[in-house]
Amino acid sequence: MSVFKKLRNDYVIWHANRVKFPKFTPSSIVRKNVAFSGKVQKVGFRLEIYCLARRMKLTGWVRNLKDGSVEAELQGEESHIDFLVNCMQSLKRASVKKMTIIDLPFREGEESFTVVE
């Protein structure tokens, strides 16, 4: 791993761990596919989603797509997913130009959140 990438990753983790969560109102458990396009690769976007998702106890995965966008499947309380999506849209080091959200069926037995390479 390059020195730059390590520094960026350290910064992303530090930043994601400093995000203050509001008092969430309990909400229903849902699963959503979210695709972010714009300047979302090579800026620590997946790592930021990963850190926030883990902190909020969401399950699912995130990955880069060949077209330069980032796709995630997020499962957990709807209020948590909405908060994460809003965080990613307002991320200063990225630029989300377009976002699509698709509701998916709940997936039983999923226990973790992963970055898919």
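## Basis of the model

Residues are numbered from 1 along each chain as its sequence is written, and side-chain values use heavy atoms, with hydrogens and water left out. The model is predicted: local features need pLDDT of at least 70, side-chain atom pairs count only at pLDDT 80 or more, and totals for chains, interfaces and linings use all residues.

Helices (H or I, at least four residues) and strands (E, at least two) are DSSP runs numbered from the N terminus.

## Strand pairing

Two strands are taken as paired if DSSP finds at least two bridges between them. Strand β1 (29-39) pairs with β3 in the antiparallel sense over eight bridges, and F36 stands opposite V70 in β3. β1 also runs antiparallel to β4, with nine bridges joining the two. Here G38 has V96 of β4 as its bridge partner.

Strand β2 (59-64) pairs with β3 (70-77) in the antiparallel sense over six bridges; T59 has Q75 of β3 as its bridge partner. The hairpin of β2 and β3 has five residues between the strands, and G68 there takes a positive phi near 95°. With strand β5 (residues 113-116), β2 pairs in the parallel sense over four bridges, and R63 is bridged to V116 of β5. In a regular strand the side chains alternate between the two faces of the sheet.

## G38 in strand β1

G38 is found in strand β1. Its relative accessible area is 36%, so G38 is partly exposed (buried means under 20% relative accessible area, exposed over 50%, and partly exposed in between, with a 1.4 Å probe and protein chains only).

G38 and V96 are 58 residues apart in sequence, yet their C-alpha atoms are 4.8 Å apart in space. Not counting residues up to four places away in sequence, G38 touches G68, S95 and K97 (contact means heavy atoms within 4.5 Å). G68 is the residue with positive phi in the hairpin of β2 and β3.

## Helices α2 and α3

Helix α2 (45-55) is largely enclosed by the rest of the structure, because eight of its eleven residues are buried. These buried residues are F45, R46, L47, E48, I49, C51, L52 and A53.

Helix α3 (residues 78-89) has twelve residues and reaches 17 Å from its first C-alpha to its last, close to the 16 Å expected (the expected span is 1.5 Å times one less than the number of residues). Its buried residues are S79, H80, I81, F83, L84, V85, C87 and M88. They pack against β1, α2, β3 and β4 (95-104).

## Loops on either side of α2

K42 lies in the loop between β1 and α2. Its phi is near 65°, a positive value in a residue other than glycine. K42 counts as exposed because its relative accessibility is 74%.

The loop between α2 and β2 holds M56 and K57. M56 has 6% relative accessibility and so counts as buried. Leaving aside neighbours within four places in sequence, M56 is in contact with F21, F24, H80, F83 and L84; H80, F83 and L84 are among the buried residues of α3. The C-alpha atoms of M56 and V70 are separated by 20 Å, with the two residues 14 apart along the chain. K57 is exposed, with a relative accessible area of 71%. K57 also has a positive phi, near 60°, in a residue other than glycine.

## The largest pocket

The largest pocket holds about 280 Å³ of space. Of the 15 residues that line this pocket, the closest to its centre are K5, R8, N9, R46 and N64. On a 1 Å grid over the protein atoms alone, a pocket is an open set of points where a 1.4 Å probe fits, with protein on both sides within 12 Å along at least five of seven lines; lining residues have an atom within 4 Å of a point. Grid points are joined across faces, edges and corners, and the volume is the space filled by probe spheres set on the points.

α1 (3-18) and α2 each supply at least two residues of the lining. R46 is also one of the buried residues of α2.
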